[in-house]
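Here's a quick briefing to read with the structure open beside you. Take it topic by topic, and find each spot on the model as you go.

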Amino acid sequence: MELIFLGTSSAVHSKNRNHPGIVFKGFGEHILFDCGEATQKQMIFAQVSPMKISKIFLTHYHGDHILGLPGLIESMNFGGREKPLDIYGPKGIEKIATVVRSLSKENFKFEINYHEISEGTIIETEEYVIKSCRVRHNVESLAYSIEEIKKPKFLREKAIALDIPEGPLYGQLQDGNAVELEDGRIIQPEQVLGKERKGVKICYSGDTRLCEEMILFAKESDILIHESTYLIQDYDKAQQNAHSTTQDAAVVARDSNSKQLVLTHISTRYDEEFPIVEEAKEIFENTILAEDLMRIEIK
């Protein structure tokens, strides 16, 4: 699994920061979170093919998070995409769909499915769960999490000791199903499985001010990606614009018992000379600052 930060700026671009966009690679998929202007160009630099994007999750509909969407979809169409694309977002996504359709010069050759979602479980597969949570911005905005479903370890030595023949029965037991042997014995999964295992959890705040909802949603995250638009010196601006400061993000990481905090959505008023990470580290030590094209391998 891997995270690729395509854009880490806030409202406008800077020389080094693009509009927001994050690609999650894992479970045989490429999933895009937010799609700011020039996202597809950032994909070129990151060597991420737009054709591999299976799902797009939009946190909200401010321009810096969605203006790259029409161009990206046009490029997919031009490239001959055939597989469907699923796009998820809060209330109002049909307006986005209308805009995308109106900007296209031709009919799309592939199916685009728009999903208006609220909070709760959005997708659940055998390998992962994606959930959303309403956060507090000046428009309706969602945070997202991806949580790996990790099956208990199959204890092969116990299966051998129970004279379970190798083959399909092993798979059935690992999937949590009881099996019957030829001698009539019923073997329960717990007889050959280890302890429950927690999978990796990644959480992305989107745009939000500090709120209890985000703290609860991010509980026990391995990686918390949190907007950090302002330094503490500009706290009043953060409140006025419903954004977070460096230390707001750090409070969420600390109080949610997350393992690592990644700061993103940085205002262009700050450059590398400003103490962005240092401010957060006063509250939460394991903090890093996202940079465009930065990659985090998830183990």
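Let's start with F108, which counts as partly exposed at 21% relative accessibility (buried means under 20% relative accessible area, exposed over 50%, and partly exposed in between, with a 1.4 Å probe and protein chains only). Keep in mind that this is a predicted model, where local features need pLDDT of at least 70, side-chain atom pairs count only at pLDDT 80 or more, and totals for chains, interfaces and linings use all residues. Residues are numbered from 1 along each chain as its sequence is written, and side-chain values use heavy atoms, with hydrogens and water left out.

**Aromatic rings**

- The structure holds 10 aromatic pairs; rings of Phe, Tyr and Trp (its six-membered ring) pair if their centres lie within 6.5 Å, and planes under 30 degrees apart count as stacked, over 60 as edge-to-face and the rest as tilted.
- F108 and F110 make a tilted pair, because their ring centres are 6.0 Å apart and their planes sit at 50°.
- F110 is buried, with a relative accessible area of 5%.
- Another tilted pair is F154 with Y170, at 4.8 Å centre to centre and 40° between the planes.
- F154 is in the loop between β9 and α5 (156–161) while Y170 is in helix α6 (residues 168–174), so this pair ties together parts that are 16 residues apart in sequence. Helices (H or I, at least four residues) and strands (E, at least two) are DSSP runs, numbered from the N terminus.
- Are F154 and Y170 buried or exposed? F154 is buried, with a relative accessible area of 15%, and Y170 is buried too, at 11%.
- Ring pairs also link F33, F57, Y88, Y144 and Y204 into a cluster.
- R81 lies over the face of F110, at 5.5 Å from the ring centre; a charge sits over a ring if NZ of Lys or CZ of Arg is within 6 Å of the ring centre and within 35 degrees of the ring normal.

**A serine in a strand**

- You'll find S54 in strand β4 (residues 53–57).
- S54 is buried, with a relative accessible area of 13%.
- What does S54 touch, leaving aside its neighbours within four places in sequence? It is in contact with E29, H30, I31, R81, P84, L85 and D86, where contact means heavy atoms within 4.5 Å.

**The seven-stranded sheet**

- Seven strands form an open sheet in the order β7-β8-β9-β12-β13-β14-β15, with mixed pairing; two strands pair if DSSP finds at least two bridges between them.
- The edges are β7 (120–124) and β15 (287–289), and each of these pairs on one side only.
- From one strand to the next, the twist averages 20°. Axes are lines fitted to C-alpha atoms, for helices over the stretch in contact, and angles run from 0 to 180 degrees between N-to-C directions.
- β7 and β8 run antiparallel and are joined by four bridges, and a hairpin connects them through three residues.
- Across that pairing, E124 stands opposite V129 in β8.
- How many bridges join β8 to β9? Nine of them do, between residues 128–136 and residues 140–148, and these strands run antiparallel.
- V135 has S141 as its bridge partner in β9.

**Helix α9**

- Helix α9 (residues 246–255) packs on the sheet, touching β13 (223–227) and β14 (260–264), and its direction makes about 155° with that of β13.
- Why call α9 largely enclosed by the rest of the structure? Because eight of its 10 residues are buried.
- Among those buried residues of α9 are T246, Q247, A250 and V252.
- The cover over the buried residues of α9 includes α7 (212–217), β13, β14 and α10 (276–281).

**Positive phi angles**

- Most residues other than glycine have a negative phi.
- Q47 has a positive phi of about 55° although it is not a glycine. Look for Q47 in the loop between α1 (39–46) and β4, where it counts as exposed at 74% relative accessibility.
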